[in-house]
Amino acid sequence: PLDAIGDALQGLRSRSDRTITLSLMPSMATAWLVPRLPEFLGAHPELGLNLQSSTRVVDFEREPVDMALRLGGGRWPGVRAELLFPEWIVPVASPDFVKRHGKPALERLGELPLLGDPSERWRQWFDKFGGTPPKRYVAQFDDTETLHQAAAQGMGVALGRWTLAEPLIRAGRLLPLTRTRLQADFAHYLV
């Protein structure tokens with residue numbers, strides 16, 4: 001994905017101002033891009049980078065933004081979108097939660113305290129891998145980073161977005177409950 005960003009920058013290299021303005025969601029900046037920036041900027045020392053963390057859609061005609069990293073279906077009118085990588089969904093929980101409840105079989109996830117929106121991701125998960133959804137979800141969140149933090153605090157099992165959950169998994173704050181992943185119906189794009 002960083003090579004794709006580098007390739008896209010080729011057309012901008014001839015500008016006298018070599019600062020690139022990149023818009024991206026705050027959670028993506030923190031969990032995915034910032035840890036990769038030292039290597040990227042080391043490979044491109046001639047570039048400056050201006051990151052704009054935002055959840056709103058960029059108006060490239062009116063805003064001084066060169067490109068954006070966005071999550072979606074990849075079809076936005078009036079712009080070119082290049083697929084960077086797909087997103088995967090995986091059930092995650094804190095090590096303490098796993099100690100208390102164990103790692104369940106896929107079809108028994110609904111027996112545990114679940115976090116998240118019962119109408120979308122969990123429904124897709126149960127439709128694909130079986131099991132019975134619970135009658136009640138412990139808590140719902142409108143922000144993926146908050147969902148991941150709630151799971152890391154031991155509140156329950158979250159269906160984590162792999163791209164954002166992976167740093168918490170590497171840090172030992174979350175554990176994937178299975179190797180099985182669900183490919184999301186959205187992906188990461190350079191726009």
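This is a guided tour of one protein chain, stop by stop, for a viewer that is already open.

**The whole chain**

The model is predicted. Start with everything shown as a cartoon. The protein chain has six helices and eight strands. Along the principal axes, the C-alpha atoms fill a box of roughly 60 × 35 × 25 Å.

Now colour by burial. Of the 191 residues in the chain, 46% are buried. Then turn to contacts. Take those between residues at least 6 apart in sequence: 75% of them join residues at least 24 apart.

**Stop 1: Ser23 in strand S1**

Select strand S1, residues 19-24, and pick out Ser23 within S1. Is Ser23 buried or exposed? Its relative accessible area is 3%, under the 20% cut-off, so Ser23 counts as buried. Show what is around Ser23. Leaving aside residues up to four places away in sequence, Ser23 touches Gln52, Ser54, Val58, Val65, Met67, Ala68, Leu69 and Arg70.

**Stop 2: Glu63 in a loop**

Move to the loop between strand S2 (48-53) and strand S3, where Glu63 is found. Show its side chain together with that of Arg56. A polar contact of 3.0 Å joins the two side chains. Which residues does Glu63 touch, not counting residues up to four places away in sequence? They are Arg56, Val57 and Val58.

**Stop 3**

Two cavities of 30 Å³ or more are present in the structure. To find the second largest cavity, select its lining: Met25, Ser27, Met28, Leu69, Arg70, Leu71, Arg161 and His188. Which elements each supply at least two residues of this lining? Helix H2 (26-43) and strand S3 (67-72) do. S3 gives the largest share, three residues. Colour the lining by class, and four residues come up nonpolar, two polar and two charged.

**Stop 4: helix H4**

Select helix H4, residues 121-129. The buried residues of H4 are Arg121, Trp122, Trp125 and Phe126. Look down the helix axis. Why do these residues lie on the same side of H4? They cover an arc of only 130° around the axis, which puts them on one side.

**Stop 5: a pocket next to H4**

Helices H2, H4 and H5 and strand S6 each give two or more residues to the lining. The volume of this pocket is about 390 Å³. By class, its lining has nine nonpolar, four polar and six charged residues.

**Stop 6: helix H6**

Select helix H6, residues 162-170. Which residues of H6 are buried? They are Trp162, Thr163, Leu164, Ala165, Leu168 and Ile169. Show their partners next. The buried residues of H6 pack against H2, S4, H5, S6, strand S7 (175-176) and S8. Just after H6 comes Gly172, with a positive phi of about 80°.

**Stop 7: Leu190 in strand S8**

End in strand S8, at Leu190. Its relative accessibility is 5%, so Leu190 counts as buried. Draw a distance from the C-alpha atom of Leu190 to that of Ala150. The two residues are 40 apart along the chain, and their C-alpha atoms are separated by 29 Å.

How values were computed
Residues are numbered from 1 along each chain as its sequence is written. This is a predicted model: local features need pLDDT of at least 70, side-chain atom pairs count only at pLDDT 80 or more; totals for chains, interfaces and linings use all residues. Side-chain values use heavy atoms; hydrogens and water are left out. Buried means under 20% relative accessible area, exposed over 50%, partly exposed in between (1.4 Å probe, protein chains only). Helices (H or I, at least four residues) and strands (E, at least two) are DSSP runs, numbered from the N terminus. The arc is that of the directions from the helix axis to the C-beta atoms. On a 1 Å grid over the protein atoms alone, a cavity is a set of points where a 1.4 Å probe fits but cannot get out, and a pocket is an open set with protein on both sides within 12 Å along at least five of seven lines; lining residues have an atom within 4 Å of a point. Grid points are joined across faces, edges and corners, and a volume is the space filled by probe spheres set on the points. Ala, Val, Leu, Ile, Met, Phe, Trp, Tyr, Cys and Pro count as nonpolar, Asp, Glu, Lys and Arg as charged, and the others, Gly among them, as polar. A polar contact is a pair of N or O atoms within 3.5 Å; within protein, one must be able to donate a hydrogen and the other to accept it, and residues adjacent in sequence count only if both atoms are side-chain atoms. Contact means heavy atoms within 4.5 Å.
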